[in-house]
Amino acid sequence: NTNVTAPASAVVYTNWFTVPSNTFQTATQTLLYARFRLMSESPFAPALGYSGQEDNGEVEDYLWTFGAIGDRVWIDQNTNGIRDATEPGIAGVRVFIDLNSDGNYQAGEPTGTTDVYGVYGIGGLMTGTYTVAVDTSTVVGLTPVYDYDGTTTLHRAVYTLTNETTIDLLDFGYLGNAVLGD
């Protein structure tokens with residue numbers, strides 16, 4: 001929403017814009033489209049010149065694809081590391097992308113909270129390697145018995161997301177009975 005003036009030798013412009021909340025899907029791939037009109041000068045009537053079809057200016061269309069990571073957090077009643085149909089999900093568990101790999105949730109880290117079935121999802125992710133962690137303050141009194149990459153890294157799993165896909169493999173299984181949630 002701001003005109004940018006730069007010397008003739010400049011070739012790189014950085015545009016920042018706010019993406020509305022709830023834009024990113026947590027269980028499916030999200031496609032985000034944007035259209036920019038590049039003009040050599042401001043139009044005669046700025047309020048009208050930036051909408052609709054114009055004979056002047058170059059139109060640039062962009063498509064960003066964002067992936068999602070998720071699955072379930074559940075009580076592994078028989079401790080076999082497999083979520084059986086009769087094993088309940090755990091509601092109210094915060095699962096997050098641990099951006100600084102310290103094992104603790106901080107504001108600003110992408111997060112999802114499990115629903116009544118123990119299902120969570122974290123969307124808006126680009127290709128990359130992510131540490132997905134369970135906020136231990138939301139599973140007090142439970143013992144971890146399963147996660148995607150093994151229990152040597154308790155309450156967390158590392159996964160490499162490729163091609164901005166949607167992955168529903170990152171389960172976390174726990175043993176015990178406790179009052180759960182934030």
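Is Tyr105 buried, partly exposed or exposed, and what is its relative accessible area? Tyr105 is partly exposed, at 28% relative accessible area; here buried means under 20%, exposed over 50% and partly exposed in between, with a 1.4 Å probe and protein chains only.

## About the model

This is a predicted model, in which local features need pLDDT of at least 70, side-chain atom pairs count only at pLDDT 80 or more, and totals for chains, interfaces and linings use all residues. Residues are numbered from 1 along each chain as its sequence is written, and side-chain values use heavy atoms, leaving out hydrogens and water.

## Around Tyr105

Three aromatic pairs occur in the structure. Rings of Phe, Tyr and Trp (its six-membered ring) pair if their centres lie within 6.5 Å, with planes under 30 degrees apart counted as stacked, over 60 as edge-to-face and the rest as tilted. Phe96 and Tyr105 are one of these pairs: their ring centres are 5.4 Å apart and their planes stand at 70 degrees, so the pair is edge-to-face. Phe96 is buried, at 0% relative accessibility.

## Tyr148 and Tyr159

The rings of Tyr148 and Tyr159 have centres 5.5 Å apart and planes at 70 degrees, so this pair is edge-to-face. Tyr148 is partly exposed at 33% relative accessibility, while Tyr159 is buried at 14%.
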